[in-house]
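Colleague: I would like to learn how to read a few features of a structure. Could we take them one at a time?

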Amino acid sequence: MSIIQPTTDETVRLTVAQATIRFLINQYSERDGVERRLVRGAFGIFGHGNVAGIGQALLQNEIDPTPDGGSMPYIMPRNEQGQVHAASAFAKASNRLQTMMCTASIGPGSLNMVTGAALATTNRLPVLIFPSDQFANRFPDPVLQQVENASMFDTTCNDAFRPVSAFFDRIVRPEQLLPSLMQAMRTLTDPADTGAVVLAMPQDVQAEAYDFPAAMFEKRVWHVRRTPVEEAAIQRAADLIRASHRPMMIAGGGTIYSEAAEELRAFARATGIPVADTQAGKGAINYDHPQSIGGVGSTGGDSGNHIADKADLVIGVGTRYSDFTTASHTQFKNPDVQFININVKAFDAVKHGAEMLVGDARVALEDLRGALEDYSVDEAYAAEVAEEKAAWEKRVHEATHLEHGPLPAQTDVFGALNEMMGDTDVMINAAGSMPGDLQALWQARTPVQYHVEYAFSCMGYEIPAALGVKLALPDSQVVSIVGDGTYQMLPMELATIAQEGVKVIFVLLQNYGFASIGALSESHGSQRFGTRFRQGGEGAAHTVDGKKLDVDIAANARSWGIDVLEVHTIDEFKSAYRQAEASDRPTMIHIETDLYGPNPPSSSWWDVPVSEVSRIESTQKAFEAYERERVGQRHYL
Ligand SMILES: Cc1ncc(C[n+]2csc(CCOP(=O)(O)OP(=O)(O)O)c2C)c(N)n1
Ligand SMILES: [Mg+2]
């Protein structure tokens, strides 16, 4: 961190909210010599908790930004959860170097942001959240929407943010603002600690005036560090790699956030070590790179999984090893498998008893490549990798060109989309049956193309995320794939998208239910209970016999101000995509797809417990299968 201008003893009389906005406008991040505004703008939904505090400060800034040193552009969203998702997506598409702030009113408005905060923290994405809080002075208690806890009088409903925040504070006096904001900025820009940064602000404190030091509002640059790994750790890792016979790498999201893709590709080429990817890391290595072996784990592909089955050394780069990556601790079957983890966060680096390379992915890979100058995997292993890769690419082609009927398979939609989207365009998804198919089948060429939020896998992310990504990457086509279940859960940011004139494309997959959870339910003995959109009494709503529910999503999307193209075949889909691409208006392509897949072939497992005792035969059988699968589960030490 460096202070750019000289400080003085002057003070400026501002409200806490005005001081907050003025401070944020003057914060910058820097990495590799490029400076950017750290907090690019504000999302906010107003109520009595923030309308006259942060709301007033934003208004004052909009009328005349000059005294604040710049503007804090404001966007009015429709749902507090949605605005935080948009901010997370913005931060993800900005490789965590920039974010947005979110303000909401007290009580329900603020609590609506808790899910968004958890998504940000789980994905290690910086977002800045200002829940409003009940009066610090307690005169009007209980204020509208105040949850009164009779035994813990100092708690407020905003304490619900604590377990899901990377940093939490409550500003009950103006004097607390500066130290708290400094820690907030430190957390947002710390690659190891970043996540949801939450500053709860009582509604009276927001509006209270104080003589803030003028120096607080000078331009400040937060240098996003590239921590080098200790030389000794690099040497230990190089020794482990040289001693291994079947090493592999797993590229996680940290590889992309560190902008280490080029170095990863060079490292793989130089050493011949194959690279599999996670949901967050896909695109770090281009799918047609000779060492790229596709996804690994529960939703990975055969090539990645076959190599992982026998690997004796796994080098994780910027991965948190979710259960999908390890196939719930069944993926790595070699009894002698060892791990090296390159990660900025020691918490992640230690996983699976790894040799810990704590530091920046790009720097670590450069150093490791230096320490392995004359090293290359042996020829037989390289040939096996090439064979696995070729076999899987053939299967990917088949799975994305099924010509399935009468309804198209969603995998054919993904294949068509994948072929049509450009290298700097972005595909978004988060939940349903889609992320699994996408991880297995999507062939990403660049680190920006594949934006799948699969750490929190939060239904409802997809529509607000399109807004966030487009704000970050205005020159890219942004295409968000939305399930009918997700659509019905959180469609309302379509109004924000129409209001802001944001050109994005939605691909709406109408399959009248939860294809994902339906298949999971069936394979786990629960007969697709509660996963179909059907109508009718006497339980018909839960069975295949119930009439399809006539929720007209196309008409609904039109009513929000979105152009909708309804198509029924893959050929129609392709021409609709070209039309949507050429349009300057937000457009949805609506297509009905088969609820029953087919989905790509799976070579891995996922631990979802089955009822141990049951009166239903399907459950009993599923439990027997579950017991057999669990045998392969182990700790990696
Ligand atoms: C907020 C939230 N609630 C519940 C879930 C559990 N869940 C995962 S996928 C899914 C169904 C998604 O349905 P849809 O969007 O239609 O996609 P499909 O499964 O049909 O591909 C549910 C309920 C979730 N991921 N997120
Ligand atoms: Mg569905």
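Modeller: Asn511 and Gly513 are both buried. Keep in mind that this is a predicted model.

Colleague: How do I read a sheet, and in what order do the six strands lie here?

Modeller: Strands of a sheet are held in pairs by backbone hydrogen bonds, in a parallel or an antiparallel sense. Here the order is 20-19-21-22-26-25, in an open sheet with parallel pairing. Strand 20 (450-452) and strand 25 (563-567) are the edges, each pairing on one side only. From one strand to the next, the twist averages 20 degrees.

Colleague: How many bridges join strand 22 and strand 26?

Modeller: Six bridges, in the parallel sense, join strand 22 (residues 505-510) to strand 26 (residues 587-592). Leu509, for example, has Ile591 of strand 26 as its bridge partner. Helix 16 (residues 410-420) packs on the sheet and touches strand 21 (478-483), strand 22 and strand 26. The direction of helix 16 makes about 165 degrees with that of strand 22.

Colleague: At what angle do helix 11 and helix 15 cross?

Modeller: The axes of helix 11 (residues 302-310) and helix 15 (residues 379-399) cross at roughly 145 degrees and come within 8 Å. Residues in the contact include His306 and Ile307 of helix 11, and Tyr381 and Trp392 of helix 15. By class, this contact has four nonpolar, two polar and six charged residues.

How values were computed. Residues numbered from 1 in each chain as written. Chains lettered and ligands numbered in written order. Predicted model: local features only at pLDDT ≥ 70, side-chain atom pairs only at ≥ 80, totals over all residues. Heavy atoms only, no water. Axes fitted to C-alpha atoms, helices over the stretch in contact; angles between N-to-C directions. Helix = DSSP H or I, 4+ residues; strand = E, 2+ residues; numbered from the N terminus. Contact = heavy atoms within 4.5 Å. Nonpolar A, V, L, I, M, F, W, Y, C, P; charged D, E, K, R; others polar. Pairing = 2+ DSSP bridges. Buried < 20%, exposed > 50% of the residue type's maximum accessible area, 1.4 Å probe, protein only.
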